Amino acid sequence: MFWADKIAESSQQEELVNDSKTPSGRVHVGSVRGVIIHDVMYRALKRAGKPVKFTYGVDDYDALDTVPHYLDQEKFAPYLGFPLCNVPSPDDKSSDYAKYFMEEFLEVFDYLGVKAEIYYLRDLYRSGKMNPYIDTFLKNAQGIKDVYLSVSKSDRPKNWYPFQVVCEKCGKIATTVTTDYNGSEVFYTCKEDATDWVKGCGHSGWVSPFDGNGKLPWKVEWVAKWNLIGVTMEMAGKDHSQKGGSRDVANAISRKVLGKQPPFHSPYEFILVNGTKMSSSKGVGSSAKDMADLLPPEILRFLMLKTQPKTVINFAPNYDNITRLFRDYDNLLNTYVKIKEENENVELDKTLLPLFYAQLDEEIKPFYTFDISTLISLLQVPHLDIVEEVKKRSQVELTEYDWLKINERIAIARKWLADYADEEEKLVIYFDSIPEIVSELTEDQITYLGKLKETLTTLEKWEGEELQTALFTAMKQLDFKPNVAFPAVYYSFLGKEKGPKAGYLLSYLDKDFVLKRLEEVINK
């Protein structure tokens, strides 16, 4: 059974699935994993006929703690320590910094078919909805300190209170420390040395903690949100889910102070780019919007779902990863089509459910899965009519929907070549000259090219699979290894050791040209 369906099967109550994000900068594709995991939990519960809602919180009362490298440092440095919703927008279209970055992320929600009810923390604080929780937690400061000490071994000062005021003088929230509460007001100081990344102004005084004048620390705030929104299910990333970590602290506060069981939880792993965890503020990796601009929505959803939530996804949009991602999706879609041909009422099993939940709606709509790697290669061959090549290479009569999906892939292949492909990943065919490196071919490699020319001369069908078979036939006749034979072909046409599937590479080229080039290399 698929992991989300197991969760849905165990549900015994009306559920509210929740997730959240601090919009500290461009939201990276790593954050999409949490969104899709929660969206699929919501869909699985609906599919099981269970009553469920899906909410997504924007933690825009958090402080701006870093100015992303792609923003004007001089403009935004004065706002370090301010609540994100009180920082100006990088453009003149959005009302503020938090809305600017969140609006871009919400475009990705729409693109991926995610239909969550969005709420902003500023609204919960400023409307007074958080007031009862602020009062409760301030009155139970000692109990919260006990939790921090027992769960995370973090000792808070004797006069510490779980609240951060928006300084009335300088506007910062990151630098304020609350040290007293009289039931209606808190006493705070905007400390110069509260953090090592921004200085407070030194102002102090009594102020009401209610109606948006400040915020709870986020682990405490998390508990308040659960109860105010009515959250029953919320997953969290591995960093928050470790023993003694944020989730353990929040769970303990919920039990000790409010006397309530925390929501259902299970950790999920990160998305890494070349082994590096993505960061919104540091700009590491590709943004969610960039990935949405590159990948079709079903493929981007599938990227998040083809791996179990507790397994790391190490993804970078290089040739191998992109082509493998499309190939995995295509294989699953073609498996579904084959099963459906045998049984119209196909039962979606564990292997097919990632495909099902990758769709924007409740329907898997098959299409002819033209290979993305072939399109990437064809687009790099000069003077080639891509539409005619697709027609020639397709094994069925293409429908209007097939062409819709193929044209989508052609656009993706073009964008990948323009924006993501490294020079060594590009297909540069030497049409007008022989690559110099062929002078370094071994005697065995020259012998192989001679046998290959002999085999190809009589080949009737000049197509990828037939050419691939011919390449292997020549290799086996000489009892050579692939690491001898295939580099000889790539060096002859590309001037490098590796390339796309060799049979398909030759199929992109005119037969007379291929035979002539092999003859030239052999006699060089």
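In which helix is serine 507 found?

Modeller: The model is predicted, so local features need pLDDT of at least 70 and side-chain atom pairs count only at pLDDT 80 or more, while totals for chains, interfaces and linings use all residues. Residues are numbered from 1 along each chain as its sequence is written, and side-chain values use heavy atoms, without hydrogens or water.

Serine 507 is found in helix 21. Helices here are DSSP runs of H or I with at least four residues, strands are runs of E with at least two, and both are numbered from the N terminus. With a relative accessible area of 6%, serine 507 is buried; buried means under 20%, exposed over 50%, and partly exposed in between, for a 1.4 Å probe and protein chains only.

The serine 507 side chain has two polar partners to look at. A polar contact of 3.0 Å joins it to the side chain of arginine 393, and a polar atom of the serine 507 side chain lies 2.7 Å from the backbone oxygen of tyrosine 504. A polar contact is a pair of N or O atoms within 3.5 Å; within protein, one must be able to donate a hydrogen and the other to accept it, and residues adjacent in sequence count only if both atoms are side-chain atoms. Leaving out residues up to four places away in sequence, serine 507 touches Arg393, Trp462, Glu463, Gly464 and Leu467, where contact means heavy atoms within 4.5 Å.

Trp462 and Leu467 lead on to leucine 456. With residues up to four places away again not counted, leucine 456 touches Trp462, Leu467, Ala470, Leu506, Lys511, Val514, Leu515 and Leu518. Leu456 is also named, with Phe105 and Tyr448, among the residues with the most contacts inside the largest nonpolar core, which has 118 residues. Such a core is a set of buried Ala, Val, Leu, Ile, Met, Phe, Trp, Tyr and Cys residues joined through side-chain atoms within 4.5 Å. Helix 2 gives the largest share of this core, 10 residues. Another core, of 39 residues, lies apart from it and includes Tyr133, Phe137, Leu138 and Val186.

Next comes helix 22. Helix 22 (residues 511–522) has 12 residues and reaches 17 Å from its first C-alpha to its last, close to the expected 16 Å; the expected span is 1.5 Å times one less than the number of residues. Buried in helix 22 are Phe513, Val514, Leu515, Arg517, Leu518 and Val521. An α-helix has 3.6 residues a turn, so residues three or four places apart point the same way.

Aspartate 479 is in the loop between helix 19 (464–478) and helix 20. Its phi is near 60°, a positive value in a residue other than glycine. Most residues other than glycine have a negative phi. Aspartate 479 counts as exposed, at 67% relative accessibility, whereas serine 507 is buried.
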